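Please look over the model below before reading the notes. They cover a charged patch, a strand pair and a loop residue.

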Amino acid sequence: MVVEEPSPNNVETVEKNDSSTLVSEPAKIFTVEILHMIKDAQQQHGLRHGDYQRYRGYCTRRIRRLRKALKYPQGDKRHFKRRDVTLSQLTGKKADERFIHIPLISAERAWAYAMQLKQEANTEPRKRFHLINKLRRACFYALQLQELCNTEAFDARTKLECEAYVAWMHGTLHFDLQLWKSAGEHLKRAQVVYENLAKALPDDDQELYRAKVNEFTPNLRYCAYNISGGASGGKIDEILELRAQGVLENLDVLVSQTKSESSEGLQTIDWRGRKVTVRPEKVRLFLLSAQELDKSLAKTTKLDAKIELIERILMDCKDAIQAVRDEIKQDPKLRSLTTGQTVSGVQYLLAYLSYIRHSRTLQRNLCLVDQAKLNFDDPNQQKTQAQTEGKRVRPQDLARLYEIILQNVTEMQQISGMEEDAQYQSEVANLALTFKAFRCYYIALTLIDMKKWKEAVALYERASNYANDALKGKSCAEFELQSELKKIVSSIDGSKFSAHAYSVLEDDNSEDASGVTTKSQKTTKPLYERLSQYKEDQSLHTRAPNVFKLTPDMEPIPCKPLFFDLAMNYLELPSLEDKLESPGKKGASITGFVKGFLGWGGGGNK
């Protein structure tokens, strides 16, 4: 059999066929979860604490590692040669998904630098120009990313995520440029894309996209406010609610420019029948936001959000109080007015701001109490689903919260300038009685858990007295606690009799054979020592019942008596000298012979 060798033509034909087979292979299609990638990187590298500088450093190191791993550097150690990612790196046999990460991380690095400059621009306004340039650079890299993702190398999900990312980046740039219309359009486009992605994805992946959608809402509302032409109609409520949420940092300047009419309306305030002039601009802005806080709290259903809103107002109130004090220090006339016996207008304004701070702090603490009651295991009420799922709150925890509230009420009574106001003092005193009733009630529940029935009955009685006195007095208009007081009174009646019954049962079960009542409820005596007493002891049903103590206890016994011979000192004993050997009658020894023979050692030579 003859085997023919392939001719060169045949070899060329085979190579051509192989190349044609390589070309006919299907191209790789990549899926890049852009939002998941950037959120994980942000949470792990500084943005959980708002550290944009740390995140920017991470992005720089990540780009360097990517270019080194992909062997795609930009020049050498001496010369720089720019090399952007092109479509050729994402298609073909050596296509790698990591190439698309380079423009994405570059955009994130520029954006993080811009946010860092935004934090520093509060004290250095010139950095705002650098901030805008970095946002433009971030948009440039985002457009590069979009150009690469719109090819056939990526699937539909990656294209949608890239479109939303580019729209968000451009909306951020236009928002800082105060181009409200275009910023609203870009942000709305990003919001719509993320909403559609959330609907198309499984339930496990929807939460991240819905959270991103909610991030756009405050900025969109502010854009709509500026497009509509300022604080007209109900728009002022929305803008002040945004300020209370802390969405915008430069809102104080914008509010002072766009709401001159509303600011003029707060030239004076009327509190408890007295009008006071408001001079500092910071105080006026604070009073505007404080007026709208109640509306914001009414719209908010979650307790955590309410607490956050109140805490932001408290920070603004602190700044307003400091502004009034600075004005008093700078103006000697105002300083002289505060030293007089009568309460001046500035001092009354300071008292009003102090009252707002204490009342809002009290409101925040009541929200904490409501939050704690969700997981409180009250024996007088049925358990809800939220109580069974959350961490159990003990009665002493609520008693501690009411103790803090009582300290806050005491500070309200001691506000400078309000000592002579009898009506105000009576209202605050009635408020103190209300919270004392709540505190005594939860201390009684604590004693119930400790099986101290008699002390619990006394605390129930005191709580009932406080509650009845508070119901008779005039309540504070800002804190409506009458309904809760009535519930406390109704629950105290049953709980008091129940505790009293338990105390009687304790006394009956703890009587010994002689009829003497013992004080302790729990005893450590073994069963054989208290056979004549009836007591339900659950420890007898355990593996180690306290029936008989095998090792007896140590008992004290009298020691052996000691005798002292006192007559010995008065006795005359017989002489024993005749029985003792005299020095001259010692026995002869070789030592004595040597001493006498040599002439030393004797007494005659001395």
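Helices (H or I, at least four residues) and strands (E, at least two) are DSSP runs, numbered from the N terminus. The model is predicted: local features need pLDDT of at least 70, side-chain atom pairs count only at pLDDT 80 or more, and totals for chains, interfaces and linings use all residues. Residues are numbered from 1 along each chain as its sequence is written, and side-chain values use heavy atoms, with hydrogens and water left out.

- R65 sits in helix α3 (residues 52–69).
- With a relative accessibility of 46%, R65 is classed as partly exposed (buried is under 20% relative accessible area, exposed over 50%, partly exposed in between; 1.4 Å probe, protein chains only).
- R54, R61, R64 and R65 make up a positive surface patch (residues with over 30% relative accessible area and no salt bridge, like charges joined within 9 Å).
- A salt bridge here is a side-chain nitrogen of Lys or Arg within 4 Å of a carboxyl oxygen of Asp or Glu.

**Strands β1 and β2**
- β1 pairs with strand β2 (residues 274–277) in the antiparallel sense over four bridges; pairing requires at least two DSSP bridges.
- T277 in β2 is the bridge partner of T268.
- Two residues lie between the strands of this hairpin, where R272 takes a positive phi near 55°.

- Y72 lies in the loop between α3 and α4 (101–120).
- Y72 counts as buried because its relative accessibility is 7%.
- From Y72 to D84 the C-alpha to C-alpha distance is 9.4 Å, at a sequence separation of 12 residues.

Note on methods
Patches are made of residues with over 30% relative accessible area and no salt bridge: like charges are joined within 9 Å, nonpolar side chains (Val, Leu, Ile, Met, Phe, Trp, Tyr) within 5 Å. Accessible areas come from the Shrake-Rupley method with a 1.4 Å probe; for residues, only the protein chains shown count as cover. Lys and Arg count as positive and Asp and Glu as negative; His and the chain ends are not counted. The place of a charge is taken as NZ of Lys, CZ of Arg, CG of Asp or CD of Glu.
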